[in-house]
Amino acid sequence: MEQRHLGRTGLRVTRLGLGTLTWARDTDEQEAADQLKVFWEAGGSLVDTADIYADGGAEYLLGRLTEELVPREDLVIATKAGSVLEADRRVDGSRRHLLAALDASLERLGTDYVDLWQLHAFDPQTPLEETLQALDLAVTSGRARYVGLADFSGWQLAKAGTWQLAAPGVRTRLASTQMEYSLLQRGIEREVLPAALDLGIGLLPSSPLGRGVLTGKYRHGTPADSRGASDHLAAFVAPYLDETASRVVEAVTTAADGLAVTPLQVALSWVRDRPGVTAPILGARTAQQLRAALSVETLSLPDEIRRALDDVSAPVHHYPDHDWSTL
């Protein structure tokens with residue numbers, strides 16, 4: 001599998017990553033093992049998790065599998081911290097919480113370090129410089145090799161990235177930002193992606209298949225075994241089952257028919273090769289689904305199809321997102 005540098009750093013990762021959002025919850029140990037083995041045998045390296053996934057269960061499961069199934073040194077393990085499940089608070093970016101969370105993640109993963117440690121969300125209640133100092137401490141202590149952010153808005157990413165670059169050699173530059181990005185969700189193109197490109201921060205798209213909708217599986221209803229039919233994931237899929245999404249899915253299906261490939265391959269190839277993207281994160285339900293997604297490695301979309309998909313999925317941008325001189 002082809003590799004890319006993560007942002008403006010020396011870290012190289014495969015241009016497709018494996019996500020573990022459902023591990024230890026909807027995905028049991030045997031299925032997780034099958035997915036990791038398929039991914040590793042295909043040459044994949046980047047595995048993404050978080051301390052909040054299954055309340056730490058995903059990290060614990062990944063740690064067991066790297067001990068028993070796949071060599072730790074073959075993987076680039078990325079985890080996240082900052083999200084909390086408290087009644088009055090969803091994010092805790094304090095230095096106290098973040099460093100304690102990192103230590104707990106390392107214990108569950110059964111490793112001395114993570115290759116990439118990301119803040120899971122912006123905490124408006126904690127000074128940003130305090131939150132970012134936790135990233136610096138993680139690197140200087142050897143507990144994390146590289147650091148990044150997830151789900152920061154454009155101004156938040158720009159502020160954090162600039163702050164880190166303001167003291168080279170003292171503060172650690174941000175390597176990544178993880179955001180939802182697909183043909184059904186192009187909102188980050190307004191400000192987040194331009195900021196990331198300018199600051200040399202690599203983008204790791206989550207839900208690159210529009211929460212599964214871009215595979216075309218929901219065109220004629222909701223399959224009983226799909227996430228859209230799941231009690232706790234149906235609300236996650238529902239926003240992409242409207243008429244606007246349907247038009248995009250039909251365009252993807254038409255392109256797939258013309259290329260004699262699947263809608264999944266078309267949609268994933270589109271996002272993988274967008275400017276600024278390092279590696280989409282694949283959250284497969286089964287090893288078979290993952291194997292089908294990994295087959296996109298050999299596909300590059302023709303320019304005319306890429307432009308057609310750009311047009312049919314184009315978000316509406318007005319002032320101040322466009323160059324003011326054109327308005």
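Biologist: What kinds of residues make up the lining of the largest pocket, by nonpolar, polar and charged?

Modeller: In this predicted model, the lining of the largest pocket divides into 15 nonpolar residues, 13 polar ones and nine that are charged.

Biologist: And how much space lies in that pocket?

Modeller: The largest pocket holds about 1000 Å³ of space, and of the 37 residues that line the pocket, those closest to its centre are Leu21, Ser207, Arg227, Phe236 and Gly283.

Biologist: Which elements give two or more residues to the lining?

Modeller: Those elements are strand 10, which covers 176–180, strand 12, and helix 10, which covers 287–294.

Biologist: Which of them gives the largest share?

Modeller: Helix 10 does, with four residues in the lining of the largest pocket.

Biologist: OK, new topic: how many salt bridges does the structure hold?

Modeller: There are 19 salt bridges in the structure, and one of them joins the side chains of Arg15 and Asp273, with N to O at 4.0 Å.

Biologist: Where do Arg15 and Asp273 lie, and what does the pair tie together?

Modeller: Arg15 lies in the loop between strand 2 (12–14) and strand 3 (17–19), while Asp273 lies in the loop between helix 9 (263–272) and strand 12 (281–282), so their pairing ties together parts that are 258 residues apart in sequence.

Biologist: Is Arg15 buried or exposed?

Modeller: Arg15 counts as buried because its relative accessibility is 7%, which falls under the 20% cut-off.

Biologist: Which other residue forms a salt bridge with Asp273?

Modeller: Arg272 forms a salt bridge with Asp273, and the closest N and O atoms of that pair are 2.8 Å apart. Arg272 is buried, with a relative accessible area of 0%.

Biologist: Which residues are linked with these in a network of salt bridges?

Modeller: The network links Glu2, Arg4, Arg15, Arg272, Asp273, Glu297 and Arg306, and the Arg15 to Asp273 bridge we discussed joins two of those residues.

Biologist: What about Arg25 and Asp26, how do their side chains meet?

Modeller: The side chains of Arg25 and Asp26 meet in a salt bridge, with N to O at 3.4 Å.

Biologist: And what are the relative accessibilities of Arg25 and Asp26?

Modeller: Arg25 has a relative accessible area of 44%, which makes it partly exposed, and Asp26, at 40% relative accessibility, counts as partly exposed as well.

How values were computed. Residues are numbered from 1 along each chain as its sequence is written. This is a predicted model: local features need pLDDT of at least 70, side-chain atom pairs count only at pLDDT 80 or more; totals for chains, interfaces and linings use all residues. Side-chain values use heavy atoms; hydrogens and water are left out. Buried means under 20% relative accessible area, exposed over 50%, partly exposed in between (1.4 Å probe, protein chains only). On a 1 Å grid over the protein atoms alone, a cavity is a set of points where a 1.4 Å probe fits but cannot get out, and a pocket is an open set with protein on both sides within 12 Å along at least five of seven lines; lining residues have an atom within 4 Å of a point. Grid points are joined across faces, edges and corners, and a volume is the space filled by probe spheres set on the points. Ala, Val, Leu, Ile, Met, Phe, Trp, Tyr, Cys and Pro count as nonpolar, Asp, Glu, Lys and Arg as charged, and the others, Gly among them, as polar.
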